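Reader: I am new to this structure. Please take me through how to read its features, one at a time.

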Amino acid sequence: MKHQVVRHALQSGAFFLALGLLWEGSVRVFEIRSYLLPPLSAIVRELVSSRALLFRHLFITLEEVLLGFVLAVLGGALMAVAVFFIPIAKRTIYPLLIGLQSIPKVGLAPLIVVWFGYGVTSKVVMSFLFAFFPIVISALGGLAGTPSHLVEHFRALGAPPWITFWKLRVPSALPSFVDGCKVAMPLAVIGAVVGEFVGSNEGLGNLILLSTSSSRGSLTFAALAAVTALSLGLFAIVAGLGKWVWWRAQ
Amino acid sequence: MGVVASTVAAAAPGARFIELRRVSKTFESGDGSRTEALQALDLEVREREFVSILGPSGCGKSTLLRIIAGLMSFDGEDVVVDGESVSRPRQDVGVVFQTANLLPWRNVAANLALGVEIRGESLDSARLAAMVEMLGLTGFESRYPHELSGGMKQRVALGQALVRDPKLLLLDEPFGALDALTRDKLNIELLRIWQAEQKTVVLVTHSITEAVLLSDRVLVLSGRPGKVIEDVGIDLPRPREPRTTRQSPEFSRLVGYLGELMGVV
Ligand SMILES: Nc1ncnc2c1ncn2[C@@H]1O[C@H](COP(=O)(O)OP(=O)(O)OP(=O)(O)O)[C@@H](O)[C@H]1O
Ligand SMILES: [Mg+2]
């Protein structure tokens with residue numbers, strides 16, 4: 001058992017090592033210019049030497065993403081509850097939401113920047129927009145998916161509506177809600193980075209844009225690596241918190 | 001028999017506790033087709049009586065139980081429980097359905113407690129321990145439903161109804177999904193619990209022997225739309241000891257008679 005775990009780890013490790021060597025080797029052998037594709041070693045060196053710069057931009061992006069994501073989680077949960085319980089909201093706000101969701105948000109980005117400025121706010125809004133919808137849909141699905149026999153059971157127990165909500169609907173919607181949050185987390189990062197692309201003075205998206213235009217390939221890749229790490233890290237945190245909802249397995 | 005007579009009359013054992021007068025139920029489905037589940041059904045259950053309901057599948061037994069529980073609307077004259085017309089679920093009624101309605105995120109103790117939690121009470125540890133003991137679930141208090149066998153889940157569901165200390169227990173094939181051996185065991189436990197607690201019980205079942213072993217009276221329903229076609233008193237002595245009761249000639253006679261009525265013998 002343990003033996004197998006070690007062997008599987010070795011297999012993965014060997015694969016990625018080979019991939020890295022292939023990258024490094026081919027860039028050198030074919031003499032690819034570094035603004036097109038820098039050797040892996042140059043990126044690693046850049047990550048170390050520019051770490052202060054990278055961290056400064058990373059924290060900006062992190063702030064935008066966290067704000068956007070947390071607002072999307074709160075707003076999405078509230079919206080789902082409203083749409084679920086208020087019949088008129090289902091006929092008005094919900095179709096509006098579907099309609100708005102169908103507008104490509106990347107296309108909205110310039111407008112958002114015009115409306116909310118070059119600063120952090122427009123990126124928070126972008127991040128929110130990207131994350132909001134999957135959260136609403138998953139929360140709504142979770143609320144509606146509460147097994148009807150349990151709803152009837154609560155009725156038989158004479159439970160008032162708010163008790164049925166807190167003790168039945170919310171816990172049974174949580175697994176689906178957590179799934180929605182996991183989908184939304186990397187989207188929130190994408191939203192913020194797109195916002196930074198369109199108009200900003202700072203943040204990892206800004207750094208990617210500037211370093212590309214000044215042909216600093218290794219810095220571009222280092223910034224990309226930082227965005228990826230940010231996205232992965234945040235996803236891992238959300239997934240980790242989501243483990244608290246263990247009954248998802250059923 | 002009006003609503004007025006109830007409170008005083010109900011205190012005396014054997015007073016009328018459930019009364020259905022000409023109750024009908026017709027389901028209308030989306031495409032406009034109608035299913036008549038119950039038709040002008042009359043039924044009476046006395047206080048502390050154990051009544052079983054037998055009938056072919058689809059004849060409206062679950063529907064009947066839901067109506068008594070106040071979970072479903074009906075047509076017809078009236079449904080009275082403990083002197084009051086039923087219009088919604090009552091706090092002093094416990095219902096157990098065929099599939100155990102346990103919350104997967106709550107362990108056994110918390111699932112049992114849910115029965116009273118909904119009334120804003122909490123289940124004190126002594127009562128919890130006594131219930132767990134009675135249900136034969138000692139040592140499993142902190143297990144979750146997915147860690148329990150089907151029979152254990154049903155016992156928890158029964159316990160959840162019992163901690164409410166209901167005057168009336170409505171059981172819809174509570175052990176129906178279990179294998180015959182487990183089912184027999186749980187029936188014996190149910191018999192023991194009932195003899196200790198003496199609630200009014202209405203049990204829907206498909207098992208004739210189960211019905212005879214446990215009941216004071218067995219009602220046989222016709223095929224859909226359901227009507228009471230036979231009311232069979234079970235005059236076996238109480239308290240009943242499962243083995244000797246099953247071996248008595250009267251037991252075999254009743255089982256045979258009901259089997260004939262149900263068309264299985
Ligand atoms: N919610 C519902 N909507 C429409 N029809 C229903 C509904 N509930 C029950 N019925 C119909 O009413 C009839 C009686 O159903 P019911 O569940 O009461 O039968 P039952 O006697 O409990 O059967 P079984 O022994 O198989 O559990 C069936 O024909 C069923 O299709
Ligand atoms: Mg049924």
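Reader: Where is B:Pro225 placed in chain B?

Author: This is a predicted model, so read every value as computed. B:Pro225 sits in a loop of chain B, between strand E9 (217-221) and strand E10 (228-233). The peptide bond that joins B:Arg224 to B:Pro225 is cis, with omega about -5 degrees.

Reader: Which residues does the cis bond with omega of about -10 degrees join?

Author: That bond joins B:Arg238 and B:Pro239. B:Pro239 belongs to the loop between E10 and helix H8 (242-247) of chain B.

Reader: Now backbone angles. What is the phi of A:Ser215?

Author: A:Ser215 is not a glycine, yet its phi is positive, about 55 degrees. Look for A:Ser215 in the loop of chain A between helix H10 (204-213) and helix H11 (217-242). Its relative accessibility is 43%, so A:Ser215 counts as partly exposed.

Reader: And in which element of chain B is B:Arg22 found?

Author: B:Arg22 is in strand E1 (residues 16-28) of chain B. B:Arg22 has a positive phi too, of about 45 degrees, and is not a glycine. With a relative accessible area of 45%, B:Arg22 is partly exposed.

Reader: What does B:Ala40 touch, not counting residues up to four places away in sequence?

Author: B:Ala40 touches B:Arg22, B:Val23, B:Ser24 and B:Lys227, with residues up to four places away in sequence not counted. B:Ala40 itself lies in strand E2 (residues 34-46) of chain B. The cut-off for buried is under 20% relative accessible area. B:Ala40 has 16%, so it is buried. Sequence and space can also be set side by side. From B:Ala40 to B:Gly256 there are 216 residues in sequence and 28 Å in space, C-alpha to C-alpha.

Reader: Next, aromatic rings. What describes a pair of them?

Author: The distance of the centres and the angle of the planes describe a pair of aromatic rings. Over all chains, the structure holds 12 aromatic pairs. In the pair A:Phe15 and A:Phe16, the ring centres are 5.1 Å apart and the planes stand at 75 degrees, so the pair is edge-to-face. A:Phe16 has a relative accessible area of 56%, so it is exposed.

Reader: How do the planes of A:Trp247 and B:Trp105 stand?

Author: Their planes are at 45 degrees and their ring centres 5.6 Å apart, so the pair is tilted. A:Trp247 is in the segment after H11 of chain A, while B:Trp105 is in the loop between strand E6 (93-96) and helix H3 (108-117) of chain B, so this pair joins two chains.

Reader: Are these two tryptophans buried or exposed?

Author: A:Trp247 is buried, at 10% relative accessible area. B:Trp105 counts as buried as well, at 13% relative accessibility. Both belong to a cluster that ring pairs link: A:Trp244, A:Trp246, A:Trp247, B:Trp105 and B:Tyr144.

Reader: What sits over the ring of A:Phe130?

Author: The charged end of A:Lys105 does, 5.7 Å from the ring centre.

Reader: How is the size of an interface often given?

Author: It is often given as the accessible area lost when the parts come together. Between chain A and chain B, about 1900 Å² is buried. Carbon and sulfur atoms give 62% of that area. Chain A brings 19 residues to the contact and chain B brings 22 residues.

Reader: How many salt bridges are there between chain A and chain B?

Author: There are 2 salt bridges between them. One salt bridge is between the side chains of B:Glu117 and A:Lys167, at 2.4 Å, N to O. Polar contacts between chain A and chain B number 8 residue pairs, both residues at pLDDT 80 or more.

Reader: Which helix gives the most to the side of chain A that touches chain B?

Author: H8(A) gives the most there, with 7 residues. Helix H8 (148-156) and helix H9 (161-198) of chain A each supply at least two residues of that side.

Reader: Last, what does the side chain of A:Glu24 reach?

Author: It reaches the backbone nitrogen of A:Leu40, at 3.1 Å. A:Glu24 lies in helix H1 (residues 2-29) of chain A. Its relative accessible area is 15%, so A:Glu24 is buried. Beyond its neighbours within four places in sequence, A:Glu24 is in contact with A:Pro39, A:Leu40 and A:Ser41.

Conventions
Residues are numbered from 1 along each chain as its sequence is written. Chains are lettered from A and ligands numbered from 1 in the order in which they are written. This is a predicted model: local features need pLDDT of at least 70, side-chain atom pairs count only at pLDDT 80 or more; totals for chains, interfaces and linings use all residues. Side-chain values use heavy atoms; hydrogens and water are left out. Helices (H or I, at least four residues) and strands (E, at least two) are DSSP runs, numbered from the N terminus. Buried means under 20% relative accessible area, exposed over 50%, partly exposed in between (1.4 Å probe, protein chains only). Rings of Phe, Tyr and Trp (its six-membered ring) pair if their centres lie within 6.5 Å; planes under 30 degrees apart count as stacked, over 60 as edge-to-face and the rest as tilted. A charge sits over a ring if NZ of Lys or CZ of Arg is within 6 Å of the ring centre and within 35 degrees of the ring normal. Contact means heavy atoms within 4.5 Å. Buried area is the accessible area (1.4 Å probe) that two parts lose on being put together, summed over both. A salt bridge is a side-chain nitrogen of Lys or Arg within 4 Å of a carboxyl oxygen of Asp or Glu. A polar contact is a pair of N or O atoms within 3.5 Å; within protein, one must be able to donate a hydrogen and the other to accept it, and residues adjacent in sequence count only if both atoms are side-chain atoms.
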